[in-house]
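Dear colleague,

Please read them with the model open beside you.

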Amino acid sequence: ANLHQYIARGGFTGLDKALGEMDPQKVIQEVKDSGLRGRGGAAFPTGLKWSFLSSNPSLVKYILCNCEEGDPGAFNDKTILDADPFTLIEGCIIAGFATGASNGIVFIRHGNDSPIDRTRAALRACYANGILGRRVMGTDFAFDIEVSLVGESYVAGEETALMEAVEGKRAMPRFRPPFPAAYGVWGKPSNINNIKTISYVPEIIRRGADWFAGIGTEKSSGTAIACLSGDIRYPGLVEVPFGLTMRQIVEELGGGDPAGKAVKFLQTGGPLGGLLPASELDMILDFDAMAAAGAMFGSGGLIVCNETRSVVDLVRNLIAFDQMES
């Protein structure tokens, strides 16, 4: 993760544009117009979420970045931090400018040493080069970001439970209301987004809302980062536009089953997600279409199961996980 390499490839152009040519409301409107929705699982419109925080007059406000990532079969958040932490940092500063926030916190599950080390090194480089701190890129905007480590808990991925964990308490979801935009971490107004969501922001600001809205489907714009695992020839991450079918992702990009066996079903969207039988493989990748079929996309995990796998055994396994983590 080299800062100069990032800048040479157009990094921080979006931030420069936001600070130099736009006001906070214009940035929020651009994110709304892009159609960006939360990539952590809930698929809530990002610009709308930001507007809740921007209207709060508090002097101290937090942008919280969720990289807790406790789903079995999901590893895309960690990969972004490992490969490209500056994209997240740039998105976080833009979110801070748009909402009038003063501080950012990136939550990473402890034990993920490489993403933690690389994010911290990237933050140090940003402070050393005037991209974070009292005068961001020479402007009057001040913004600080720190890394906070949260313990091993699937529940800590829920936004209010994550705030409890950061405060050093047990990761238990809070009652709502009050919502985070009114009362968040340390009692200050807060906005939580998944790291994938925030990482899209720099390019949306740099290239404009229409560019992002032109990718994907009408209600699910942009791309999706899917994590392929299970009975598949090419496990790993694939970034695809929304609107592709599950069959294209599994068979064309993932190479299908390594032994040539038939795919029996997919387990999607983490341990609270759903099961998609082979008869539904021609379903398109779309937040709403998948939710309607009872197989949410969630944060992007796609576990492929061939004809030898038992649905009952897998579900029993997932329920045991949910029970243990609850």
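Tyr 6, Phe 12 and Phe 86 are joined into a cluster by ring pairs, where rings of Phe, Tyr and Trp (its six-membered ring) pair if their centres lie within 6.5 Å. Please keep in mind that this is a predicted model, in which local features need pLDDT of at least 70, side-chain atom pairs count only at pLDDT 80 or more, and totals for chains, interfaces and linings use all residues. Residues are numbered from 1 along each chain as its sequence is written, and side-chain values use heavy atoms, with hydrogens and water left out.

Most residues other than glycine have a negative phi, and most peptide bonds are trans. Phe 12 lies in the loop between α1 (3-8) and α2 (13-21), where helices (H or I, at least four residues) and strands (E, at least two) are DSSP runs, numbered from the N terminus. With a relative accessibility of 4%, Phe 12 counts as buried; buried means under 20% relative accessible area, exposed means over 50%, and partly exposed is in between (1.4 Å probe, protein chains only).

Met 137 also has a positive phi, near 50 degrees, in a residue other than glycine, and is found in the loop between α7 (113-128) and β3 (144-150). At 32% relative accessibility, Met 137 counts as partly exposed.

The backbone has cis peptide bonds as well. One joins Arg 176 and Pro 177, with omega at about 0 degrees, and the bond from Pro 177 to Pro 178 is cis too, with omega near 0 degrees. Pro 177 is placed in the loop between α8 (159-166) and β4 (190-194), and Pro 178 lies in the loop between α8 and β4.

To return to the rings, a search of the whole structure finds eleven aromatic pairs. A pair of aromatic rings is described by the distance of the centres and the angle of the planes. Planes under 30 degrees apart count as stacked, over 60 as edge-to-face and the rest as tilted. Phe 44 and Phe 52 make a tilted pair, at 6.2 Å centre to centre with 45 degrees between the planes; Phe 44 is partly exposed at 35% relative accessibility, and Phe 52 is partly exposed with a relative accessible area of 42%. Phe 242 and Phe 297 make an edge-to-face pair, at 6.1 Å centre to centre with 75 degrees between the planes. This pair links distant parts of the chain, 55 residues apart, with Phe 242 in the loop between β6 and α11 (246-253) and Phe 297 in the loop between α12 (287-292) and β9. Phe 242 and Phe 297 are both buried.

What is the order of the five strands in the open sheet? They run β6-β5-β9-β7-β8, and the pairing is mixed, where two strands pair if DSSP finds at least two bridges between them. Because β6 (236-241) and β8 (274-277) stand at the edges with a single partner strand each, one side of each is left without a neighbour in the sheet. From one strand to the next, the twist averages 30 degrees. Strand β5 (residues 223-230) pairs with strand β9 (residues 301-306) in the parallel sense over four bridges, and Ser 229 has Ile 303 in β9 as its bridge partner. Helix α13 (residues 311-325) lies across β7 (263-268), β8 and β9, running at about 15 degrees to β7; axes are lines fitted to C-alpha atoms, for helices over the stretch in contact, and angles run from 0 to 180 degrees between N-to-C directions, while contact means heavy atoms within 4.5 Å.

Lastly, how many disulfides does the structure hold? The number is zero, a disulfide being a pair of cysteine sulfur atoms within 2.5 Å. The sulfur of Cys 126 is 11 Å from the closest cysteine sulfur, in Cys 92, which is too far for a bond, and Cys 126 is buried at 0% relative accessibility. Cys 305 is in no disulfide either, as the nearest cysteine sulfur, that of Cys 227, is 15 Å away; Cys 305 is buried, with a relative accessible area of 5%.
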